[in-house]
Amino acid sequence: MNLHPLIQVPNQLVGAPLGTDVTLICNVEASPKAINYWQRENGEMIISNERYLMNENESSMYAVQMTLVIRKLHKSDMGGYKCISKNSIGDAEGTIRLYETLEL
């Protein structure tokens, strides 16, 4: 079966207080297998390091859940994030907006 990537974003708006950890989620379906990655809205690629943890969990042969954990949120982390999925047939992207909430 050939399926160009489809992305579904469960939460397009995510709020979190500064200093906390937040998880962004995109659900991808693609066949053949896609290359998945995260970008800031300015096009800057997100690289795994001690603050950015990226994971992919396969839920079926062609479905993957992409997660991006951002640790110890800074002011500069706020804004738009894109999950991008590309395979030989096409590509798709989803957008998530991260905003600052106040501590309860």
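Colleague: Which residue's side chain meets that of arginine 51 in a salt bridge?

Modeller: Start with the general idea. Side chains of opposite charge can pair when their charged atoms come close. A salt bridge is counted when a side-chain nitrogen of Lys or Arg is within 4 Å of a carboxyl oxygen of Asp or Glu. Here the partner of arginine 51 is aspartate 77, at 2.3 Å from N to O. Arginine 51 is in the loop between S4 and S5, and aspartate 77 in the loop between S6 and S7, so the bridge ties together parts 26 residues apart in sequence.

Colleague: What kind of model is this?

Modeller: It is a predicted model: local features need pLDDT of at least 70, side-chain atom pairs count only at pLDDT 80 or more, and totals for chains, interfaces and linings use all residues.

Colleague: Is aspartate 77 buried or exposed?

Modeller: Check the relative accessible area: under 20% is buried, over 50% is exposed, and partly exposed is in between (1.4 Å probe, protein chains only). Aspartate 77 is at 1%, so it is buried. Arginine 51, at 19%, also counts as buried.

Colleague: How many salt bridges does a search of the whole structure find?

Modeller: The search finds 6. One of them joins lysine 33 to glutamate 58, at 2.7 Å from N to O. Lysine 33 is in the loop between S3 and S4, glutamate 58 is in strand S5, and 25 residues separate them. Strands are DSSP runs (E, at least two residues), numbered from the N terminus. Lysine 33 is exposed at 58%. Glutamate 58 is exposed at 53%.

Colleague: Which side chain forms a salt bridge with glutamate 41?

Modeller: That of arginine 97, at 2.7 Å from N to O. Arginine 97 belongs to strand S8 and glutamate 41 to the loop between S4 and S5, so this pair ties together parts 56 residues apart in sequence. Glutamate 41 is partly exposed at 42%, and arginine 97 is partly exposed at 37%. Now look for contacts, meaning heavy atoms within 4.5 Å. Beyond four places away in sequence, glutamate 41 touches Gly79, Gly80, Lys82 and Arg97.

Colleague: Which residues does a disulfide join?

Modeller: A disulfide is a covalent bond between the sulfur atoms of two cysteines. The cut-off is a pair of cysteine sulfur atoms within 2.5 Å. The structure has 1. It joins cysteine 26 and cysteine 83, with S to S at 1.9 Å. The link is left-handed, with -80 degrees about the S-S bond. Cysteine 26 sits in strand S3 (22-31) and cysteine 83 in strand S7 (79-86), so the pair ties together parts 57 residues apart in sequence. Cysteine 26 is buried at 0%, and cysteine 83 is buried at 0%.

Notes. Residues numbered from 1 in each chain as written. Heavy atoms only, no water. Helix = DSSP H or I, 4+ residues; strand = E, 2+ residues; numbered from the N terminus.
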